[in-house]
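I set out below, in order, what I looked up in this structure. Each entry records one topic.

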Amino acid sequence: MPDVSHEIENRPSPDALLEHAEREGRGRLKIFLGAAPGVGKTYEMLMSGRARKADGVDVVIGVVETHGRQETEALIEGFEAIPRKRIDYRGQPLEEMDIDAILARRPELVLVDELAHTNVAGSRHPKRYMDVQEILAQGIDVYSTLNIQHVESLNDVVAQITRIRVRETVPDSIIDRADDVEIIDLTPDDLIKRLKDGKVYVPTTARRAIENYFSPGNLTALRELALRRTAQRVDEQLLNHMQAHAISGPWAAGDRVLVCLDHSRGGASLVRYARRQADRLRAPWTTLHLETPQSLNLPDEDKDRLATNMRLAEQLGGETVTLPALHRSREIIAYANANNFTHIIVGRPSKPRWRQLWQGSVTHDLIRYAGDISVHVISGNARESEPQRGVKAAQPLKAFRIKPYLHSTVFIGLAIIAGIALDQTLDVRNLALVFLMAVLAAAVRGGLGPGLYASLLGALSFNFFFLEPRYTLTVRDPESLVALFFYLGVALVASNLTAAVQRQAVAARQRARTTEDLYLFSKKLAGTGTLDDVLWATAFQMASMLKVRVVILLPENGSIAVKAGYPPDDTLVDADIAAAKWAWEHNRPAGRAADTLPGAKRLYLPMRTGREPVGVIGLDNDKQGPLLTPEQQRLFDALADQAALAIERVQLVSDVDKAKLAAETDRLRTALLTSISHDLKTPLAAIMGSAGMLKDFGADIPEEARTELLTSIVDESERLNRFISNLLDMTRIGSGAMEPNYAFHFVGDIVGTALSRAAKIAARHRVKVSIPADLPMLKIDPVLFEQVLFNLIDNAAKYAPDETVIDIRGFRDGDAVLLSVMDEGPGIPFNDVERIFDSFYRVRKGDHVRAGTGLGLSICRGFIEAMGGTIRAANRSDRSGAVFTIRMPVPAEMPLLGEKALGEDE
């Protein structure tokens, strides 16, 4: 073999050049990535912006959230800040980054905080990272910040670590396309100290954060995720740089393992060794198979072994790559250099020494020409247990077809006619080319057999019709004999090569059809959301591609049961039930043509993922003997793997939902017991204490004290009554027995009734009511709506300081009426906005706030939704405080005033 390192073309990778070209004209994106809030991402972004500004770069602030941190606010001074755009959302003015103003200003660099932020409805884009993409497309550079928990691919991992699922995520492609990613790292102890010092959150919120999200274990795990994700991005950048500049690797900045696999025995040992080596090096690994023209002629046993070992590599977590190649060692080195692999694992040569001298040795060539790449030569124990199917394969039917041979005869006949026509103008040796053309046509049309037949028939015809003496099979002239001999040799070689090309073309077409079918199947599975849909799609696809009948069995109550079939069939005889159970319990094939229980009607094959078996598939047809050819077995494996992953995905989602439901049930049970023990006991103790004092010392108690005790008894009784009423209301909502008694009413009337009822609760606050007289009537249940308003007023009175204003406003918004209840309290903590309507959920509050049950707001949501409306919570934008907004639809038809439909007399 010539020097491969010199023969491989040192040219840039087209993909890398294309990516580089796409970046031309775009702005550069730099992401400051942190493991958790408070590590200093915004601070570092502003410091970097200051440094760029000092270098003369035009820097502006698009949006920066300081969260009240003084050191961050101090860094903003001196920057030009683009005014934010005000957007009215359900009657509340909110602010978002103004993209148009930034594009009109056209700075060189924009600072954009919180890349994962969700924009308010009505904005140009739903996500802030989309705003950034538009800014980058205009050639403006962007600095932005991101926490690792917002990366889409890590969302499930972070939720498992912190037990908190982040709803705002950013696609991984945003990080992959970033020009720079800077990790902002802080040790868990330092971050917790910043929390305790009040440099991240206010003290109350900080205490909760340390107890829950910001535990040392959580922070350590998140820190490792951030470092690993950044290292992965750096590795991709290094690889792209090498490919774009045609730099021959490897650059051993990080280890990468490549294992080369063929059809030889011992391939499973190579795969397992590669996995162990990758684990030791903590490196990614890839399994490479090179498909040569000789691969098409491999026996089915070798093809089956290769497919099984490639599947084993996927199950062990490796990436599998198959590439076409003419020279295996040359392609291996080229692929390793292009992808910066530092280790190549190959098996020792298995061919005899004389064949190595004649055909060359891939192993020896790799050792000689690999350069700085380490080559590991492994014995590859052929006796080591390799994955075995345990199923006899059906032999493909190769029926003899006479038609291609008739075509070959026709081609030779046409060659004879053409030869006779050209006999007077061409030399006899040139006439052989006419017959050679006929041989090539026969090989292209029919393959190797008809090609060889055409070669022999053409030689005989050429001899009979055109060589002296003509019309005999004897040859008189030695030159003619030599010409005939070489013609026959060329014809045989040409027909063989042409047939090989034809076989490759047929195989390529078949592979393309199979790949398309598998892609459509995977696309169909990705779009299914229920287990029944996955099973039906799997059964139908297998039946149509393998031409068999299919039943799918899944575990149920300690055994397995039929869940789907195509054609529909859920009956199994005893032999089939036994074979299916054995296949499930032992994770091996059983039944027809298998080594175990071969008397069953169907062949049962287990479906499994890298984690565990998920079910069993039964196959049968009307023929006798083995069911699947080796090619069909490999196709079945591909279909079964995709189906198993889809089934596991659906089951995992179901398990997560069940776990959430169980956890929510436990939380509600605990909260209910806690609430009953506290909220029942407290008013009862006050009532009993006051009543006891009146009973024991009634005659001696002054009139003023007696009145105070009686008032306390009444107040606590009302509080106890409200608590029991809330429990009954929640029971009605949870059971679905909520049936509103609709009637047409003016909102202002119900507000007045609710205020009268809540007069004692809101006695220490100023209540301001602004309800336009021209608001349309609403079709509502007045009792339920009054209870909602009472609960909202009660909630506002709890959390707002004395002498502050409770503001109730009503207005019309299109085809809906909005009613807002606003207070001047501390507002709703950011992390509590989504959960504030949950049952028994109570926002932590100071000692001045009286205790609640955590049911009032949940009842509000249940009542409003039962009447066809919505309710949402938010913080006020004009000052501190919370705002609860009810949105009710305006009825399409209004009753005439005075009609009985008003419900006053019903």
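**Entry 1. Charges over rings**

Over the ring of which residue does the charged end of K30 sit? I looked this up first. The model is a predicted one, and in it the charged end of K30 lies over the ring of Y143, at 5.5 Å from the ring centre. I noted a second case with an arginine: the charged end of R256 is placed over the ring of F341, 5.4 Å from its centre.

**Entry 2. The chain as a whole**

I recorded 27 helices and 25 strands for the protein chain. The chain has 906 residues, and buried residues account for 44% of them. I then turned to contacts between residues at least 6 apart in sequence; 70% of these join residues at least 24 apart.

**Entry 3. Confidence**

The mean pLDDT of the protein chain is 79, and 81% of its residues reach 70 or more. Which element has the lowest mean pLDDT, and which the highest? Helix 1 (residues 4-7) has the lowest, at 43, and strand 6 the highest, at 94. Residues 1-9 have pLDDT below 50, and this stretch makes 15 contacts in the model beyond near neighbours in sequence. I found pLDDT under 50 also over residues 898-906, where the model shows ten contacts beyond four places in sequence. Where pLDDT is low, predicted coordinates should not be read in detail.

**Entry 4. A parallel sheet and the helix across it**

In what order do the six strands of the open sheet run? I read the order as 3-2-6-7-1-8, with parallel pairing. Strand 3 (80-81) and strand 8 (180-184) are the edge strands, each pairing on one side only. I looked at one pairing inside the sheet: strand 2 (residues 59-63) and strand 6 (residues 109-112) are joined in the parallel sense over four bridges. V63 has V112 in strand 6 as its bridge partner. I then examined helix 3 (residues 41-54), which lies across strand 1 (29-34), strand 2, strand 6, strand 7 (141-147) and strand 8. The helix runs at about 165° to strand 7.

**Entry 5. Aromatic pairs**

F464 is partly exposed at 30% relative accessibility, and F465 is partly exposed at 25%. I next took the pair of W536 and Y566, which is edge-to-face, with 5.4 Å from centre to centre and 70° between the planes. This pair links distant parts of the chain: W536 belongs to helix 21 and Y566 to strand 15 (residues 559-566), 30 residues apart. W536 has a relative accessible area of 45% and is partly exposed; Y566, at 29%, is partly exposed. I also noted a cluster in which ring pairs link F435, F462, F464, F465, F466 and Y471.

Is R311 buried or exposed? I found R311 in helix 13 (residues 300-315). R311 counts as buried because its relative accessibility is 16%, under the 20% cut-off. Leaving out residues up to four places away in sequence, R311 touches R608, D637 and D641.

I asked the corresponding question about Q541: which residues does Q541 touch, not counting those up to four places away in sequence? The residues are D517, F521, K524 and L639. Q541 is placed in helix 21 (residues 531-546), and at 8% relative accessibility Q541 counts as buried.

**Entry 6. A partly exposed valine**

My last entry concerns V157, found in helix 7 (residues 155-162). V157 has a relative accessible area of 32% and so is partly exposed. How far apart in space are V157 and L222, C-alpha to C-alpha? I recorded 9.4 Å, for a separation of 65 residues in sequence.

Key: Residues numbered from 1 in each chain as written. Predicted model: local features only at pLDDT ≥ 70, side-chain atom pairs only at ≥ 80, totals over all residues. Heavy atoms only, no water. Helix = DSSP H or I, 4+ residues; strand = E, 2+ residues; numbered from the N terminus. Buried < 20%, exposed > 50% of the residue type's maximum accessible area, 1.4 Å probe, protein only. Contact = heavy atoms within 4.5 Å. Pairing = 2+ DSSP bridges. Axes fitted to C-alpha atoms, helices over the stretch in contact; angles between N-to-C directions. pLDDT = per-residue confidence, 0-100. Phe/Tyr/Trp six-rings, centres within 6.5 Å; stacked < 30°, edge-to-face > 60°. Lys NZ or Arg CZ within 6 Å of the ring centre and 35° of its normal.
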